[in-house]
Amino acid sequence: MMRPAAQQYVVTRPLYSEESFAQDHEKIYRHRKTMLDHVKQYFTCDAKRAKNTALSLLPVIGWMKAYRFKEWLLGDIVSGVSTGLVAVLQGLAYCLLASLPPWYGLFSAFFPVIIYFFLGTSRHISVGPFPVLCLMIGSAVTRLVPDEGPAFNITGFEGLTRDEQRVLVASSVTFLAGIMQLAMGVLQVGFVVMYLSDTLVSGFTTAAAIHILVSQLKFVLGLEVPGISGPLSLIYTLEIIFNKITSTNVCDVVISIVIMVVVFIVKEINDRFKSKLPVPIPIEVIMTVIACGVSYAFDFKTRYGIDVVGYIPKGYEAPVAPNPQIFQETAVEAFPIAIVGFAVAFSVAKVYSIKHDYTIDGNQELIAFGVSNIFGASFRSFAASTALSRSAVQESTGGKTQVAGLLSAVIVMIVTLAIGFLLEPLPKSVLGAVIIINLKGSLMQFREIPYLWRRDKADCVRPHKLSVLIKTIFACHVCLFVCFSPRCSLLANIRGTDIYKDRKDYINIYEPEGVKIFRIPSPIFFANIEFFRNKLVEAVGFNPLRVLRKRNKALRMIRKLLKKGKLQWTSIGFLNTSCGPINESEDESNMEELDQPTDFKDFPARIDWNAELPANIVVPRVEIHSLVLDFAAVSFLDISGLKGLKALLKELIRVEVEVYIVACDPYILEKLHDCSFFDDEVQSSMFYLTLHDAMLHILEKHPEPTQKKSDYEKVKKRVTVHHPPGSLRSRDRNVGISLKLCFSLFMVFEK
């Protein structure tokens, strides 16, 4: 195929000012809604809208009506039991981060889960303690009720033990954070999570992981180290640990090392062989049971002086009212707890919603977590979110809905009411070791710092200090300064010109069949990349990731049918050789493979996805062959936007849509090269200098069918073939090509 640079074109059209262009080309009048129209629409109520509102506030009604008992119930039961065991362990372990007695972690793994079952929109996350939130709760707790010295002078502390005072602080902070989340959900400000970029969240979680690691050293080493809060608390804690290092309990160290080594090895095995293992090996639970039994059998507490979980009371405590004075003292801590708790849970929920092809509602998630935290705090639990490892267990063991979460809460309840005493001899060093080994993912994010520094110094040095409150305010100002949700549009050619305008604004336009031109009118960065993705999916009329998965599922099924002999390949296509109809099965094994490019290596021919498929297989049709992205107004692209753009381009390319990017700023193009943006799928050849260049190339590559040619004249095209100096030859050929883009005024001349 001749490269576009070997051809030339000259455009002959009038010279236009804005006024003369408006006179020559009639514009369509479009009524635009005013603020008053939007307000009226928002407060308009009818039976259908009331029903939709009720269903949105209680999502459980929607998915329970579609619950497939025969297909899903067994998976939910297995997942619920597995997740419940992990939740018990993590509840006890993460409670140490909050500087509270361990059994209160069981409350946080129970009460919020019950509320989320009814109000949450994610079907796969496991609600409960999250280590970063526990650390933030612990910071507020130790500030008001320190290990050494008197507690703050707060009404309501009189007559309470130190642990009871800490529980009151933790529950009050959680209650206040829940109120903030509920208020944000009611006010429909779930978009706030978009102000937290990937690098910002990564920086915060990595810094928190360091604090968590240091806070657990005292349990791993068997030392008595008072809780310290405030600036440089990390340094002061390390100083105390090093001063007391000679008092290390060798038994605690040996137990911790054994636990960490075994858990690390088995987790690596789980990751490497996850496609072959029916369920991940619950190694933390196994090692905890073994350590608990060995500690009880050899009486580690008495013989070696190790610190154990100790007495775990049976049952639940009476509800407690929050302390308003604590609200005043901890409002600054409560806001970042509310934001981080929601942001982490929403991010994890979004991953699973994309993987399993359903939608989640950010505002409803805020309401769900707000009510969960308010309800849980009334029963002395602390702030709940989700932990990635626990959610991974719930999803990978076959969990389909929050029925699995409800069953995990039942397991936690059984432990709390009946068998909690079996965990009393469990060494705290085991819990500390489990926490540390689960920090691997967060600590490994350190490897991203050199990459970010080389690729985007501004993104790398974005503030990662002290609290998420500072970061959120900074990021909000950046976003509001740049842009948030600009007006995207589909463009069309103005007949007889090389000018492209919004297709909704003009009458005399031309749109080639199978081609979409999408204009992006602002920078692309962490806060709006998802907005652009949604707008683009809406514009092209299909979700490329969903189509790709459907195609790979269809290929998987066709291969099985060919292997069983129920399908045969003939010269005219597939032939169904079975007696009856073949029902499409829902195969969700190896979901990661469904996101890979379609592989026809063992097929006799490629499949036409827009034709009728065999065996009752239905795949969404893709009606376009080319997509042009107009980058003329894109002046900035950060790392989050770059990653999101590349993922979207790959999805489109894998469903056989040719993507062209035009009018890209040289700075952005240089940045894409520096960030290793291009690979075997996303290639630099997709970039064109102007929109018109890309359209001419597309129309030459995909000429209009003869029967659809318009009355426009065929364009005489002269192609110059270049040879080495001294042997330049020119050949003229008249090529009848219907450009149909009103190119009757476009003349292609020999150079």
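Trainee: Starting with E333: buried or exposed?
Mentor: E333 has 17% relative accessibility, so it counts as buried. The cut-offs are under 20% relative accessible area for buried and over 50% for exposed, with partly exposed in between (1.4 Å probe, protein chains only).

Trainee: Before I go on, what kind of model is this?
Mentor: It is a predicted model, in which local features need pLDDT of at least 70 and side-chain atom pairs count only at pLDDT 80 or more, while totals for chains, interfaces and linings use all residues. Residues are numbered from 1 along each chain as its sequence is written, and side-chain values use heavy atoms, with hydrogens and water left out.

Trainee: Back to E333. Which side chain does E333 meet in a salt bridge?
Mentor: That of R143, with 2.9 Å from N to O. R143 is in helix α8 (residues 131-144) and E333 in helix α15 (residues 324-356), so the pair ties together parts 190 residues apart in sequence. A salt bridge here is a side-chain nitrogen of Lys or Arg within 4 Å of a carboxyl oxygen of Asp or Glu. Helices (H or I, at least four residues) and strands (E, at least two) are DSSP runs, numbered from the N terminus.

Trainee: Why would such side chains pair?
Mentor: Side chains of opposite charge can pair when their charged atoms come close.

Trainee: And how does R143 count at 27% relative accessibility?
Mentor: R143 counts as partly exposed at that value.

Trainee: How many salt bridges are there in the whole structure?
Mentor: A search finds 22. One set is a network that links K646, K650, R654, D679 and E681.

Trainee: Which residue does D307 meet in a salt bridge?
Mentor: K428, at 3.5 Å from N to O. D307 sits in the loop between α14 (300-304) and α15, and K428 in helix α19, so this pair ties together parts 121 residues apart in sequence. D307 has a relative accessible area of 42% and is partly exposed, whereas K428 is buried at 16%.

Trainee: What about D595, which residue is in a salt bridge with it?
Mentor: R549, and the closest N and O atoms are 2.7 Å apart. D595 is in the loop between β9 (573-576) and β10 (626-630), and R549 is in helix α25 (residues 544-564), 46 residues away. D595 is partly exposed at 22%, and R549 is buried at 9%.

Trainee: You mentioned α19. How many of its residues are buried?
Mentor: In helix α19 (residues 428-437), 10 of the 10 residues are buried, so it is largely enclosed by the rest of the structure. Among them is S429, with 1% relative accessibility.

Trainee: What does S429 touch?
Mentor: Leaving out residues up to four places away in sequence, S429 touches F219, V220, D252, I255 and S256. A contact means heavy atoms within 4.5 Å. S429 and F219 are 210 residues apart in sequence, yet their C-alpha atoms are 4.8 Å apart. The side chains of S429 and D252 are joined by a polar contact of 2.9 Å. A polar contact is a pair of N or O atoms within 3.5 Å; within protein, one must be able to donate a hydrogen and the other to accept it, and residues adjacent in sequence count only if both atoms are side-chain atoms.

Trainee: New topic. What does UniProt list as "transmembrane region"?
Mentor: The unreviewed entry lists several spans, including residues 241-265 and 334-354. UniProt positions use the numbering used here, feature names are shortened, and annotations may be inferred rather than shown by experiment. In the model, residues 241-265 are 76% helix and 0% strand, with end C-alpha atoms 28 Å apart. Residues 334-354 are 100% helix and 0% strand, with end C-alpha atoms 30 Å apart.

Trainee: Where does S626 lie?
Mentor: In strand β10. S626 is buried, with a relative accessible area of 0%. Its side chain makes a polar contact of 2.8 Å with that of H625.
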